[in-house]
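Please read it with the sequence and the structure at hand.

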Amino acid sequence: LIFDRNFIVEIPDELTKCINIFQLSFEGCARLFTLPKTILMMPNLISASFRGCNLLDLPSIISPKISDFLFNGNQLLNCVPHEIIKFIDLSVTSSEFYMVNEEDVPKLLESQ
């Protein structure tokens with residue numbers, strides 16, 4: 001499902017129960033500030049992109065099936081959960097880099 005550059009302000013919780021979704025994209029949805037807590041635990045989801053949204057936080061649980069998770073360009077994020085650190089792209093510019101707890105930096109570097 002691709003909802004890129006849409007005026008969506010909320011993702012319904014019912015979407016997280018859909019079993020036939022393998023890819024989600026909400027790139028450039030500037031009015032999207034929050035995600036359902038279980039969106040990254042969708043049964044068959046392997047790829048998700050929330051680049052260029054205005055997310056305030058990210059879900060702290062993520063399915064091991066997900067191999068691709070993009071979230072750069074979310075300037076309002078104030079931290080990245082441990083489970084999500086491995087998806088940070090170190091090639092992003094400093095203006096796109098998110099606040100990461102200092103103790104998480106070694107883990108971040110190891111995962112790359």
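1. Leu76 is partly exposed, with a relative accessible area of 41%; buried means under 20% relative accessible area, exposed over 50%, and partly exposed in between, with a 1.4 Å probe and protein chains only. Leu76 is placed in the loop between strand E3 (68–70) and helix H1 (105–111). Helices (H or I, at least four residues) and strands (E, at least two) are DSSP runs, numbered from the N terminus.

2. On the basis of the note: this is a predicted model, in which local features need pLDDT of at least 70 and side-chain atom pairs count only at pLDDT 80 or more, while totals for chains, interfaces and linings use all residues. Residues are numbered from 1 along each chain as its sequence is written, and side-chain values use heavy atoms, with hydrogens and water left out.

3. Leu76, together with Phe33 and Leu56, makes a nonpolar surface patch of about 250 Å². Patches are made of residues with over 30% relative accessible area and no salt bridge, with like charges joined within 9 Å and nonpolar side chains (Val, Leu, Ile, Met, Phe, Trp, Tyr) within 5 Å. Accessible areas come from the Shrake-Rupley method with a 1.4 Å probe; for residues, only the protein chains shown count as cover.

4. Asn74 also lies in the loop between E3 and H1, but Asn74 counts as buried, at 1% relative accessibility. Its side chain reaches the backbone nitrogen of Leu55 at 2.9 Å. Asn74 and Leu55 are 19 residues apart along the chain, and their C-alpha atoms are separated by 5.8 Å.

5. How many salt bridges does a search of the whole structure find? The search finds 2, a salt bridge being a side-chain nitrogen of Lys or Arg within 4 Å of a carboxyl oxygen of Asp or Glu.

6. Arg51 counts as partly exposed at 33% relative accessibility, whereas Glu27 counts as buried at 17%.

7. In another salt bridge, the side chains of Lys37 and Asp57 meet (3.7 Å, N to O). Lys37 lies in the loop between E1 and E2 and Asp57 in the loop between E2 and E3, so this pair ties together parts that are 20 residues apart in sequence. Lys37 counts as exposed, at 55% relative accessibility, and Asp57 as partly exposed, at 31%.

Definitions and conventions
A polar contact is a pair of N or O atoms within 3.5 Å; within protein, one must be able to donate a hydrogen and the other to accept it, and residues adjacent in sequence count only if both atoms are side-chain atoms.
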